[in-house]
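Good morning, and thank you for coming. Please look at the sequence and the structure as I present them.

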Amino acid sequence: MNGKILTFYLGSGLWGIDIKQAQEINRNVEYTPVPGEKSSIVGLLNLRGQVITLLNLTSLLQIHSSSTELGRHCIILKGTLNGSDQIGFFIDRLGDVMDVTEDLCERPPQYVEDSEKSWIADVVKLPNEMLFVLDLNHLLSSILE
Amino acid sequence: MQAHENLIQEFVVEAKSHIDKIEEGLLQFEQGQADDQLIHAIFRSAHSIKGTAGFFGLNQIVALSHAMENLLGKIRSKELKLDGKRIENLLVANDYLKKLFDHVEESDTIDISYCLNQLQDKIPRREGKFEVKEQYRSLFQDLLKHGRTFYELTYSLDQVEAEREEFYQRITQQIESIGSLIQSYSRAAKDALSTEQQDAVFLFSTVLEKDLVAMAMGFDQNQLKQFDVRLQEQEICQLLTQAEQAKWSSQASSLLEHEEVPSNSKQSDGLGQEKEKIRVDVTLLNQLVNLAGEMVLTRNQLLRKITPEIQDQPGIRLILQRLDQTTTEMQEKIMRTRMQPLDLLFHSLPRLVRELGRQLDKQVNLVLEGKDVELDKSIIEGLVDPLAHLVRNALDHGIETPDIRKQLGKEPIAHLFIRAHHESGRVIITIEDDGAGIDLEKIRSKASQLGLIQPEATVSQDELLSFIFKPGLTTANQVNAVSGRGVGLDVVHTNIEKLGGTVEVNTTKNKGTTFRLILPLTLAIIPSFILETAPYQFALPQTHLQEIVRLVPGKNSAKIEKIQDHAVICLRGQIIPLIDLRELIGASNFEITSNKSRKVLILKSGNKKFGLIVDAIQDQEETLVKPLPKYLKERKIYSGVTILGNGKIVMVLDADGLCNAAKISFSGEDQAEPFHRARLVSEENGLTELLLFQCSGPEILAVPLSLIARVEEMEDQQMEQIGQASYYHSQGQIRRLIRPEEYLPITKNELPQNKKMIIIPKNNQSVAILAHRVQDTQFIETSATIQQNSEVMTKIVVNGKIIVYVHLAALFKVAALDSNGGQ
């Protein structure tokens with residue numbers, strides 16, 4: 001794909017999303033955990049009167065993240081993504097905003113399990129690391145199942 | 001052109017109001033409430049429509065309303081009588097008129113010739129050659145010219161697997177390839193055994209012979225009927241007329257399903273004066289409602305933050321009060337803008353009942369009450385479907401045909417009674433019929449068939465009735481176009497629950513059935529309780545709350561029982577199952593201080609009553625309930641989320657969802673049974689239940705529980721001293737407090753300073769026992785020693801300990817002597 005990617009560190013990897021899908025980045029947010037819920041939902045956040053569902057990206061992507069939630073940044077996605085229910089998720093650290101063009105992108109490698117493959121839209125080889133660009137639509141629809 | 005459009009729109013609104021009046025008037029006429037005034041009124045309405053339509057140059061509308069006016073004029077001058085057929089024609093014409101106004105721009109292109117013919121009331125020729133109707137003449141000429149034959153193809157839609165639309169298109173294409181299609185429509189099948197039971201009918205013409213047609217289209221020859229254009233004119237005309245009628249009646253019934261609820265309309269308030277109204281965009285109103293809600297929440301936040309600080313500021317308190325008042329009032333008024341009278345819902349019902357009555361050959365008298373009751377617009381919209389369903393059910397399943405009714409000794413005309421009224425902050429809509437009632441046996445067998453209950457299990461009436469709301473359950477043997485598929489009541493139930501209301505049903509065999517819809521007044525802001533089950537907080541709307549019971553460990557342990565491993569509470573003789581919220585949400589690993597009291601909220605959802613155990617009830621708030629994010633939709637115990645005044649998000653609990661999650665099944669009146677049985681059993685087995693308590697000393701005293709009315713806690717201040725004796729005042733009775741240690745040889749110490757327990761006996765209104773602590777209850781074997789005795793006390797051994805058994809009657813006698821002596 002072409003465009004700007006907002007990158008962030010989660011677990012040990014560098015991930016990215018299309019910057020057009022991001023609304024804002026917050027920090028030190030106070031949220032309400034939802035009791036008895038499946039582990040993919042961390043809780044709910046009150047963002048200026050709007051209720052944001054906070055997803056547990058680490059469990060969804062099946063990666064291990066050691067940091068606690070306190071003081072972490074969270075990325076809030078725009079509401080147009082899936083109707084009126086806005087979502088957000090915690091990240092470990094922010095990365096840069098990168099310009100990405102088609103020729104830099106590759107399809108995910110064969111050995112990546114099928115389920116994960118569908119959430120990764122592209123893989124970008126950077127000088128020091130690999131950037132996995134997330135396919136948010138796929139990710140979100142799989143949560144609803 | 002803008003101004004012109006606005007004018008036309010206004011005319012449309014006005015005309016529709018006239019059309020409504022005409023329909024109402026015609027229906028009233030049919031019901032037998034005929035009078036000259038009515039005819040005049042209907043005539044005037046038709047006349048106004050014609051006049052203004054002429055001004056706008058809407059020719060077809062003018063033609064149609066002119067025809068109606070003519071007929072009405074003749075009726076008014078008593079030239080013609082307004083009989084059933086004419087009423088029918090006028091109603092159909094009225095529907096056409098409505099349709100014309102719906103598409104006012106293209107109204108000139110819509111064909112109304114059928115209607116005009118009906119209204120012109122041609123006297124049929126009695127003999128002679130059959131005259132083909134004018135409108136069909138050109139068709140006949142065409143057919144004859146090309147030597148075509150007329151065919152009628154009937155196809156049962158039961159066997160259609162593809163979408164109807166596709167099916168129709170496909171057949172049409174096929175027909176067009178061999179001839180030309182004249183009309184197509186669908187109608188109820190002759191035999192109603194199949195589930196879809198609709199037939200598609202295609203009328204077309206072609207030069208081909210019958211067997212060739214069948215072959216070309218791949219149908220069986222007996223689905224095709226052939227008609228000779230020259231010899232069978234009459235039949236062909238009949239078929240064509242049928243087709244026309246079928247098209248219009250199916251549109252009429254769909255009209256009833258798509259009732260538009262206008263945001264404003266002119267109303268005359270009895271004095272004939274029209275209240276001034278303004279049309280407002282509904283989106284704007286919704287935004288206003290949201291803003292009002294936000295304002296209320298912000299005010300709450302402000303009050304919370306400021307109240308501790310304002311003590312010293314002069315005048316601020318007054319200002320805050322004013323702010324408080326104004327905000328509340330403003331919010332209330334804004335809510336009111338969305339309120340509309342139920343009349344909007346009701347006014348389509350007479351027509352529906354009439355049509356259904358004719359379809360089903362039943363006579364029903366519909367009585368509507370409470371059409372001025374107001375409800376929030378979105379609730380009214382959400383009620384259209386459920387109400388229509390319930391009426392359909394009543395007419396189809398509940399109400400019997402006049403013959404059967406006569407046999408049963410009932411009046412042949414059945415009554416359907418729909419009433420709306422306000423009650424304690426809610427609107428209750430009652431739908432009552434005097435039909436056959438719901439056949440509980442049939443439900444039981446159907447439920448058993450579907451595996452919902454065991455065949456031999458005893459199921460209470462309430463539980464059986466709750467099954468009618470399950471999707472897929474129907475006791476109808478035949479499904480017809482009206483109802484019986486088994487989904488109607490499920491839709492009713494879901495829709496009403498979605499609006500925040502509940503459905504109750506009651507039935508008596510052969511007498512009738514009553515449905516009660518209980519709805520909240522407003523959608524958005526619901527007064528709720530904020531509950532805590534550490535460390536989480538929840539909100540629970542007050543709609544389903546009946547009462548709150550406090551559980552103090554030790555004291556009320558007698559009230560909690562376990563029946564078949566479920567915790568229940570016995571409240572005033574009724575057994576209510578309990579749900580522990582902590583267990584339900586899976587938070588049991590959190591530390592609970594076991595000596596803190598917990599609260600039980602008794603909730604009622606429909607016919608189900610149950611108790612929810614929480615740690616504490618913190619506050620009462622008006623909460624703006626927001627819908628649940630779709631990612632959380634799985635857990636049905638939540639109905640939404642809300643933002644509290646302090647900005648915190650809490651989940652809103654759903655009574656029905658809690659019930660289902662805890663997998664409680666209810667059995668109505670049978671609930672009280674096992675408990676009473678248990679009591680009786682124990683007494684029969686020679687067991688007596690004792691209440692064990694302590695006074696100021698270490699001894700444990702006991703009295704038979706059956707002689708005790710209740711036990712109460714008392715603060716120091718509630719005890720009053722008069723002379724030598726102490727008195728206690730409760731529930732309008734003044735009782736003298738008796739300290740057993742004064743009459744029994746047991747330790748007597750100082751009275752405790754904190755809470756004391758008062759044991760109130762059943763048979764004596766003037767005394768009560770003052771105790772320090774109530775311990776427990778205990779069963780012992782009834783023996784001679786504890787029979788009534790002139791001794792005040794007897795020592796007995798229970799569980800290896802010596803208990804002082806107090807004979808109440810003797811104790812009170814001694815105490816009475818003592819007081820008298822003291823005086």
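**Salt bridges and burial in a predicted model**

Asp99(A) is exposed, its relative accessible area being 56%. By exposed I mean over 50% relative accessible area, by buried under 20%, and by partly exposed anything in between, with a 1.4 Å probe and protein chains only. Lys4(A) counts as partly exposed, at 41% relative accessibility.

A word on the basis of these values: this is a predicted model, in which local features need pLDDT of at least 70 and side-chain atom pairs count only at pLDDT 80 or more, while totals for chains, interfaces and linings use all residues. Residues are numbered from 1 along each chain as its sequence is written, chains are lettered from A and ligands numbered from 1 in the order in which they are written, and side-chain values use heavy atoms, with hydrogens and water left out.

Asp99(A) and Lys4(A) form a salt bridge, with 3.0 Å between the closest N and O atoms. A salt bridge here is a side-chain nitrogen of Lys or Arg within 4 Å of a carboxyl oxygen of Asp or Glu. This pair links distant parts of the chain, 95 residues apart: Asp99(A) is in strand S10 (residues 93-100) of chain A and Lys4(A) in strand S1 (residues 3-10) of chain A. Helices (H or I, at least four residues) and strands (E, at least two) are DSSP runs, numbered from the N terminus.

How many salt bridges does the structure hold over all chains? The total is 20.

Let us turn to chain B. Glu400(B) forms a salt bridge with Arg405(B), the closest N and O atoms lying 3.0 Å apart, and both residues are buried. Arg405(B) also forms a salt bridge with Asp434(B), at 3.1 Å between the closest N and O atoms. Arg405(B) lies in helix H15 (residues 402-407) of chain B and Asp434(B) in the loop between strand S9 (426-433) and helix H16 (440-449) of chain B, so the pair ties together parts 29 residues apart in sequence. Arg405(B) has a relative accessible area of 1%, whereas Asp434(B), at 22%, counts as partly exposed.

Finally, the chain as a whole. Chain B contains 22 helices and 33 strands, and 45% of its 823 residues count as buried. One of its helices, H4(B), is mostly covered, with 14 of its 19 residues buried.

Thank you for your attention.
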